[in-house]
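Let's walk through it a piece at a time.

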Amino acid sequence: MRNLKLIIQREYLARVRNKTFIIMTFLSPLILVGMFALIAYLSMLNSSEQRIIGLYDETEMFASEFKDQEQVQYLDLSGKSFKEAKQMVNEQDYYGLIYIPKNINRDLQGVQFFGKESPGLGTIQAIEKTIADRLTREELIERGIDVNQLNEAKTEVRIEIQNFSGERTSKMSNYIKMFFGGAAGYLLMMFIIIYGNMVMRSVIEEKTNRIIEIIVSSVKPIQLMMGKVLGTSLAGITQFTIWVLLAGVLAMTSFYVLGIDIFTVQKSQLETVEQIAQPEIAQLVMDVLNLPILKLIIFFLIYFIGGYFLYSSIYAAIGAAVDSETDTQQFMFPVILPLMLGIYVGFFSVIENPHGTVSTIFSMVPLTSPIVMLMRIPFGVPWWELAISVALLIITNFIVIWIAAKIYRVGILMYGKKASYKELFKWLKY
């Protein structure tokens, strides 16, 4: 036990004192927050850009339909000739010119948009909808249908969703659960890949430097492997904690300096939404508060520990089986595949049917359960399923650690020979 403690301490200090580790610990949050701040700032500039669009309407029907908006102003140029209108839009550097011919039909054939650059998809869709709505009203009037009565007859239906115990929810509830579950699963996957690779590189480095020959003379291989896994995981947790704290401080500081209000993007729109859909907003807040946050945090830690130990042991065995990082490529795909499969199942099966057969099976399989089960938890998972999933993960950990220790014990002293899967299988018999 004393040797294991010394190895953990050595691995931890070797990581946190490394110059690259220190630089990336403090530089990564700066890069990440800077990128998001730049995107937010550019989005704010883009949304505040005022666009002027000219309108040349030969039918004289649509000038009143195009209403000025916060970012778009429509200018009726129908009184000029079409050539003069195009010249004016081009010289004044307007966003574009809408041309509506006199013989326009219901398919909007003949409508054209002239501009120096291709307009955005949202702009084109808004123009098409405006013209189509007016043509629809004209068609209804020609058929003798009272448009006002038709509008008055329209009814909105809002379904109230609740379970049999009387707990209410909303249509947005699944998206909220998807966000929290998906974020937890994706975060765990990234942590496993980043710090699992760190364990593998550490083993390869000591093996190539022949330091391992001296270490194994006084330490059991399984102690050395477990010490590397534990020491690297503690270094990773330290780095991740610093990232979270620095990113939070830097994000709030940068948004304040740039004048970006992340809480109220469009104050006028927010007030309108609150007036129209106050119950929905209140229900949305309740959906967030009703999420099993404590349960999600507890099982995130459980699956993080289980999943990290499982994959780190595999990474350590791969590191012991090869002589250089280039040789690891043949072994990496089978390791990454379950993680990718877990993300795929999570985003395509769990979201659609969190309690279906596919979602349930993959939340039990130890190689994918750390990701898939975390995505299922916000949707509500019975305790017996959680117990089975955790039990299978723990059992698989012991099996994988035993197998990895067997490979590690032989592999760390093997040089100059590329290991194959057949060779690894032989090592298990030693």
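**Charged pairs around one helix**

Start in helix H4, where Glu138 and Arg134 sit four residues apart, so about one helical turn separates them. Their side chains meet in a salt bridge, with 3.0 Å from N to O. Keep in mind as you look that this is a predicted model. As a rule, side chains of opposite charge can pair when their charged atoms come close.

How exposed are the two partners? Arg134 is buried, at a relative accessible area of 15%, since the cut-off for buried is under 20%. Glu138 has a relative accessibility of 26% and counts as partly exposed.

Arg134 has another partner too: Glu65, with the closest N and O atoms 3.1 Å apart. Glu65 lies in the loop between S1 and S2 while Arg134 is in helix H4 (residues 121-142), so this pair ties together parts that are 69 residues apart in sequence.

One more pair to find is Arg143 with Glu139, whose side chains meet in a salt bridge at 3.0 Å, N to O. Arg143 is exposed, with a relative accessible area of 57%. In total, the count of salt bridges comes to six.

Most residues other than glycine have a negative phi. Look for Glu60 in the loop between strand S1 (51-57) and strand S2 (72-76). Glu60 is exposed, at 72% relative accessibility.

Asp93 also has a positive phi, near 60°, and it isn't a glycine either. You'll find Asp93 in the loop between helix H3 (82-91) and strand S3 (96-100). Its relative accessible area is 55%, which makes Asp93 exposed.

Residues 21-42 come out as 100% helix and 0% strand, with the end C-alpha atoms 31 Å apart. For residues 178-199, the span is 100% helix and 0% strand, and its end C-alpha atoms lie 31 Å apart.

Key. Residues numbered from 1 in each chain as written. Predicted model: local features only at pLDDT ≥ 70, side-chain atom pairs only at ≥ 80, totals over all residues. Heavy atoms only, no water. Helix = DSSP H or I, 4+ residues; strand = E, 2+ residues; numbered from the N terminus. Buried < 20%, exposed > 50% of the residue type's maximum accessible area, 1.4 Å probe, protein only. Salt bridge = Lys/Arg side-chain N within 4 Å of Asp/Glu carboxyl O.
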